[in-house]
Amino acid sequence: MAPISALAVGRRKHGAGGGESAGRRRTSFPVWRWVILLIAGVYFLLPLYAALRFAGIHAFGTVFVQPGFWPALWLSARLAIITTAITLALMVPTAVYVHLRLPGLRRLLEGITILPIVIPPVVLIVGVLQVSPGALKASPWLLGLEYVILGMPFAYRAIDAGLRSLDLKTLTEASSSLGAGWLTTLWRVLLPNLRTALLSATVLIVALVFGEFTMASLDLFVTFPVWIVLFDQLNANMSVAASIFALVVVWLLLMLIVVVGTRQARRTGGGQVNLFTAARTDTKGN
Amino acid sequence: MATNAADAATNDSGVAGIAGAAPARAARAGTSVSLRNLTRVFGKTRALDGMSLEIAPGELVALLGPSGCGKTTALRIVAGFETADHGEVLIEGKDVSPVPAAKRDMGMVFQSYSLFPNMNALDNVGFGLRMRRASGTRRRQRAGELLEMVGLSAQAKQFPHQLSGGQQQRVALARALAIEPRVLLLDEPLSALDAKVRLQLREQIRNLQQRLGTTTLFVTHDQEEALSMADRVGVMKNGKLEQIAAPSELYAKPATAFVAEFVGTMNRLPGDLNGGGTVTVLGTAVPVQDGAPESGPVDVLVRPEGLTLAPAPNGNGIVSNRTFLGASTRVTVLISGDTEIQVDVASTAAAAMVPGTAVQVALPPTPVLVAPRNT
């Protein structure tokens with residue numbers, strides 16, 4: 001159900017040399033690799049197959065007209081938009097600023113952003129509900145703000161990887177020597193070169209929002225995952241069909257980022273597109 | 001030294017004018033730059049220690065020095081990327097310290113490739129004009145002209161990753177010049193390039209700079225680059241200017257031992273001061289340049305071409321090595337058993353000096369520079 005598990009964590013790649021190793025791999029792809037691939041494939045695909053069997057094909061035709069399906073989906077979509085907007089608006093300038101002006105704080109920021117993973121959501125939500133004003137408790141904005149915290153580890157890492165792949169200092173100095181102010185530099189120079197990183201962050205947040213159950217249910221909002229669990233008690237087939245639907249939506253988003261990222265990379269000479277990277281191959285020599 | 005920089009600048013503009021750049025230079029008045037008593041401290045290091053420098057309009061001044069001597073810090077303070085703890089930077093007589101980098105109108109070319117990866121060459125060059133709200137047509141036209149000037153018209157639509165390192169730096173130069181900067185700042189722009197490209201680009205930068213008459217500050221650790229391109233070269237050490245002079249003067253009349261040894265090849269010959277302004281070296285007494293101590297053991301600094309060499313059975317040295325350089329040959333000679341010196345000899349004369357030959361090394365009686373004896 002939680003589509004987050006579908007996201008592969010890519011390792012950062014540097015420069016060229018991939019061609020040679022790819023060639024070597026092609027010529028001597030050992031049998032044990034196929035075995036591992038097969039085991040992993042079975043591990044991931046078997047539950048999907050079982051779920052498909054259980055739901056039955058006809059469930060996919062009627063899941064969209066079930067009571068509460070569209071409101072829940074719409075709420076989750078809105079939350080995804082709110083969360084992404086707030087996260088990027090907060091995280092990009094912060095990460096850029098820390099990279100440029102306070103590189104010594106980078107580790108600290110990394111540590112802080114990982115906290116939401118260490119602290120269980122239940123603990124977080126109980127605290128938030130204690131202190132948040134009543135008006136906010138009734139609005140999905142509260143959940144959006146909580147998701148900003150929850151998505152921080154993923155968003156920060158994606159943006160951080162993107163920033164590391166750029167010569168941030170030189171680019172910003174070049175831009176400012178040509179007369180660009182801070183915002184113009186961010187908008188015209190940095191953001192276009194961080195596109196893949198921003199897309200990665202967005203997909204990770206969307207996946208998170210479409211998979212998060214604890215906070216939403218404790219906040220008493222019927223988001224898509226909450227609806228799936230609630231509906232499961234009425235009609236298990238339908239709810240399984242809905243969760244497969246959620247998986248497909250996130251998978252399509254992933255495809256989108258890879259396609260868009262690859263296109264950008266081809267145009268501007270970027271490297272391999274990977275979910276956690278926006279790494280760019282080193283510029284060729286003279 | 002730094003204090004008489006302004007006088008030297010006027011002379012040197014004249015020298016450069018003879019080279020054929022005078023008409024272009026007169027067409028657009030350059031900007032004068034003056035660095036006054038700049039001090040910048042990073043933690044315990046004094047990157048700049050009361051550095052002063054005057055750059056005349058249209059002049060190209062190179063700052064030369066080993067890494068950590070403060071040359072880049074000085075350039076970055078002029079650009080507005082660093083602030084000085086003390087001192088001021090005057091552009092046309094006005095203190096620019098409170099002006100942010102974006103509003104200083106200075107074109108800068110960086111050591112590392114600084115083109116915006118998301119823009120093609122034309123858009124990179126046009127970026128500064130866009131910031132100045134030039135119309136799209138004007139921008140493309142001007143950017144096109146500048147790309148033509150650096151010989152890259154054909155690459156206008158290419159993205160930085162499709163360009164070679166040399167091409168990228170040429171686009172960066174065009175981009176810096178597109179805004180018609182008051183001052184052009186070059187921060188080791190050639191150091192990432194290979195030797196052949198570096199040589200070509202060196203000439204191109206110098207030609208463009210002379211044609212446009214843009215006042216230019218050029219930072220480098222490569223003495224050949226500094227000597228071949230600049231009107232005047234400032235040699236820096238420990239955050240201070242040791243000497244600033246025209247390349248020929250810097251080479252021929254170094255003010256200090258540091259400058260003498262940093263610029264070009266320099267031999268150290270053991271000598272003894274006699275008092276009265278002479279030093280005994282290689283058995284003969286020669287006059288000493290001003291500022292030497294009265295007596296005691298010293299090293300006499302002499303260039304390889306400042307010594308003469310002739311085969312002599314009872315000479316004071318033995319040839320240990322030869323390097324053929326074309327018209328001349330650099331001969332390494334061992335004198336007084338343990339001191340190795342290098343002497344440039346016409347290749348025709350060097351033919352007879354195979355390693356092992358006994359030779360007589362002599363010093364013409366021109367004033368020499370001395371330094372405390374190296375131990």
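Residues are numbered from 1 along each chain as its sequence is written, while chains are lettered from A and ligands numbered from 1 in the order in which they are written. Because the model is predicted, local features need pLDDT of at least 70 and side-chain atom pairs count only at pLDDT 80 or more, whereas totals for chains, interfaces and linings use all residues.

View 1. Chain A comprises 14 helices and 0 strands, where helices (H or I, at least four residues) and strands (E, at least two) are DSSP runs numbered from the N terminus. Of the 286 residues in chain A, 38% are buried, a residue being buried if 20 or more other C-beta atoms, placed from the backbone, lie within 10 Å of its own, exposed if 12 or fewer, and partly exposed in between. Among contacts in chain A between residues at least 6 apart in sequence, 81% join residues at least 24 apart; two residues are in contact if their C-beta atoms, placed from the backbone, lie within 7 Å. The contact between the chains takes 23 residues from chain A and 29 residues from chain B. On the side of chain A that touches chain B, the elements giving two or more residues are α9 (168-177), α10 (182-193) and α14 (236-268) of chain A, and α9(A) gives the most, with 6 residues. The residues of this side of chain A divide into 6 nonpolar, 12 polar and 5 charged, with Ala, Val, Leu, Ile, Met, Phe, Trp, Tyr, Cys and Pro counted as nonpolar, Asp, Glu, Lys and Arg as charged, and the others, Gly among them, as polar.

**View 2. The largest nonpolar core and the surroundings of A62(B).** The largest nonpolar core has 168 residues, and those with the most contacts inside it are A155(A), I159(A), A62(B), V78(B), L185(B) and L217(B); such a core is a set of buried Ala, Val, Leu, Ile, Met, Phe, Trp, Tyr and Cys residues joined through C-beta atoms within 7 Å. Helix α8 (residues 140-164) of chain A gives the most to this core, with 13 residues. When neighbours within four places in sequence are left aside, A62(B) is in contact with residues including F218(B), A226(B), M229(B), V233(B) and G234(B).

**View 3. Strand β9 of chain B and its two partners.** Strand β9 (residues 232-237) of chain B has 5 of its 6 residues buried, so it is largely enclosed by the rest of the structure. Strand β3 (residues 60-64) of chain B runs parallel to β9(B) and is joined to it by 4 bridges, strands being paired if DSSP finds at least two bridges between them. Within this pairing, L63(B) has G234(B) in β9(B) as its bridge partner. With strand β10 (residues 240-245) of chain B, β9(B) pairs in the antiparallel sense over 5 bridges, and the bridge partner of V235(B) in β10(B) is Q243(B). The hairpin of β9(B) and β10(B) has 2 residues between the strands, and N238(B) takes a positive phi near 50° there.

View 4. The 14 residues of helix α5 (residues 165-178) of chain B should span 20 Å at 1.5 Å a residue, which agrees with end C-alpha atoms 20 Å apart; the expected span is 1.5 Å times one less than the number of residues. Since 13 of the 14 residues of α5(B) are buried, the helix is largely enclosed by the rest of the structure. In the loop between α5 and β7 (183-187) of chain B lies E180(B), a residue other than glycine whose phi is near 45°, a positive value. E180(B) is partly exposed, with 14 other C-beta atoms within 10 Å.

View 5. In chain B, 5 strands form an open sheet in the order β15-β19-β16-β17-β18, with antiparallel pairing. Its edge strands are β15 (308-311) and β18 (339-346) of chain B, each of which pairs on one side only. Strand β16 (residues 317-324) and strand β17 (residues 328-335) of chain B are joined by 7 bridges and run antiparallel, with F324(B) standing opposite T329(B) in β17(B). V331(B), found in strand β17 of chain B, counts as buried with 26 C-beta neighbours inside 10 Å. Not counting residues up to four places away in sequence, V331(B) touches several residues, among them L309(B), V319(B), V343(B) and M353(B).
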